[in-house]
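I opened the file to look up packing, salt bridges and surface. My notes follow in the order in which I took them.

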Amino acid sequence: MYNRLTKIVCVITIISLVGLSKLKAQNNNDTIRMSLKDVEKRFLDSNLLLLASHYNVDANKALIEQAKLWDNPVLVTDQNIYSNNRFFEHGKDANTEQPLGQYFIQIQQLIKTAGKRGKLINLSTTNAKLAEWQLSDVLRNLKYQLRQSYYNLCQELEVKKLSESQLVQMNKLLFAQEAQLKAGNIAEKDFLRIKAIVLALEQDITDINKNLIDINADLKNLLQLKANIFIKPIDNLQKEIGNLASIKELIDTAFQVNPYYQLQKTQVQYQQQNLIYQKTLRTPDITIGTEYDHNSNYTPKYVGLSISIPLPIFNKNQGNIKSASFAVKQQQALTQNSETELYNNVLNAFDKLKLTIQQCNALQKEFYSKYKNMFQNMLLSYQQKQLNLLEFLDFYNAYSDAQQRQIQQQLNLQLAKEELNYQIGSDIIK
């Protein structure tokens, strides 16, 4: 029975080592070590959503040039096709010297009134600004997602490292307990309790590896990486947060740089400009032209001037003006709402960051350091039978939970910092 248990323990250890080395077994070509700065540079250079948004900005800037162009002149021509049993008869009669045939030529030019052209240029310029703010907002959201994934990857690797370290120690204890069981010094139930911890750690590491695969896939999507590689962070979670500015300064900065809020404000400007433009459409445009009529008027060679203007009797663009007026009021309400949301979002993120900083104080760091050293002493005490199994397991569970909480606190600190930067719209907190 004891030999069988020994074989089981060996098999368990081999399986666990294989599982633990699943990601480590990748060769250097399969693993990319990247800092957050490297990841962001790759992201800015290759992300297709950003590239598409850049193209949208360029497209809207091109519309400004289009709005500056004048309308093309219109050429109108008319001539006889068939007369006197002849096609396209022109020239003069051979006997009477009278001109034959007729043709008419006219050139027309549309002239926009009431400053429509300048107001259309203003609309196109504001629309280009909207595209730029949309690009900034897309960049803000994607960078926030990128940094969350990066820090979550750091956290999972730290938890995995902790679990692997505990597994090594518990495997050593398991081998020692197997020898004690074989010698009849401990009960089998005590041996199985240690074995259960080993199995639980192996399962935890397997779950962590699954999470790492998912997070790594998210990062590869953001970085447009298609190869079968693993991104290993160089940075760690143990970063200090610098001094915080006052909440008033942070809120004032947010109102100046937050892309979404600026997008809403620019939308108000666009709708106001559109209302002005719709009102100018009440004023009719003028079409001026010069014409030449050969051989079809009171004089054989008639040159005239034509002026046309629509009479604004029925359609004075009333519906579009009313619609644009409501659109201004609607956008003003949306902008006021986004102002309130931005104020509260920055305030909430600031309060959460302060609480997180307070939690990660120096006293807690000292506690975790002492707790880690004490675990080694407790493990040795149990092996020397100075502790019973229940006392050891109780301490082990508390220690394991404390270590994971420390890593989670470090992650929470970085995520809280990134959330405040996200709400402000700029990397104010380093």
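I began at Leu 223, which touches Val 39, Arg 42, Phe 43, Ser 46, Leu 146 and Ile 231 when residues up to four places away in sequence are not counted. I note here that the model is a predicted one.

I then looked up the largest nonpolar core, which has 29 residues. Val 39, Phe 43, Leu 146 and Leu 223 are the members that touch the most others. I listed the elements that each supply at least two residues of this core: helices H2 (36-46), H3 (48-68), H4 (116-183), H5 (188-223) and H10 (389-424), and strand S8 (230-233). H4 gives the largest share, ten residues. Apart from this core I found another, of 26 residues, with Leu 167, Tyr 368, Tyr 371 and Leu 379 among them. In soluble globular proteins, nonpolar side chains tend to be buried together.

I checked Gln 169 next, which lies in helix H4. Its relative accessible area is 15%, so Gln 169 is buried. Beyond residues up to four places away in sequence, Gln 169 touches Phe 375, Gln 376 and Leu 379. Leu 379 is also one of the residues of the 26-residue core.

I turned to Asn 56 in helix H3. Asn 56 counts as partly exposed because its relative accessibility is 32%, where buried would require under 20%.

**Helix H6**

I asked which residues of helix H6 (residues 247-257) are buried. They are Leu 250, Ile 251 and Ala 254. These residues are on the same side of H6, because they cover an arc of only 95° around the axis. On the other side of H6 I found Lys 248 and Gln 256 exposed. The buried residues of H6 pack against helix H8 (318-359) and H10.

**Salt bridges**

I searched the whole structure and got 16 salt bridges. I went through three of them.

In the first entry, Lys 41 pairs with Asp 45, with 3.2 Å between the closest N and O atoms. Lys 41 and Asp 45 are four residues apart in helix H2, so about one helical turn separates them. Lys 41 is exposed at a relative accessible area of 55%, and Asp 45 is exposed at 58%.

In the next entry, the side chains of Glu 65 and Lys 68 form a salt bridge at 4.0 Å, N to O. Glu 65 and Lys 68 are three residues apart in helix H3, so they too are separated by about one helical turn. I noted Glu 65 as partly exposed at 48% relative accessibility and Lys 68 as partly exposed at 36%.

For the last entry I took Glu 418 and Arg 147, whose side chains meet at 2.9 Å, N to O. This pair links distant parts of the chain, with Glu 418 in helix H10 and Arg 147 in helix H4, 271 residues apart. Salt bridges that share partners join Glu 40, Lys 143, Arg 147, Lys 417, Glu 418 and Asp 427 into one network.

Leaving aside neighbours within four places in sequence, Lys 417 is in contact with Tyr 151, Ile 241, Leu 353, Ile 429 and Lys 430.

**Surface patch**

I ended with the surface. Ile 111, Ile 288, Leu 305 and Ile 307 make a nonpolar patch of about 370 Å². I looked up one of them, Ile 288, and found it in strand S9 (residues 286-294). Ile 288 counts as partly exposed because its relative accessibility is 33%.

Conventions: Residues are numbered from 1 along each chain as its sequence is written. This is a predicted model: local features need pLDDT of at least 70, side-chain atom pairs count only at pLDDT 80 or more; totals for chains, interfaces and linings use all residues. Side-chain values use heavy atoms; hydrogens and water are left out. Patches are made of residues with over 30% relative accessible area and no salt bridge: like charges are joined within 9 Å, nonpolar side chains (Val, Leu, Ile, Met, Phe, Trp, Tyr) within 5 Å. Accessible areas come from the Shrake-Rupley method with a 1.4 Å probe; for residues, only the protein chains shown count as cover. Buried means under 20% relative accessible area, exposed over 50%, partly exposed in between (1.4 Å probe, protein chains only). A nonpolar core is a set of buried Ala, Val, Leu, Ile, Met, Phe, Trp, Tyr and Cys residues joined through side-chain atoms within 4.5 Å. Contact means heavy atoms within 4.5 Å. The arc is that of the directions from the helix axis to the C-beta atoms.
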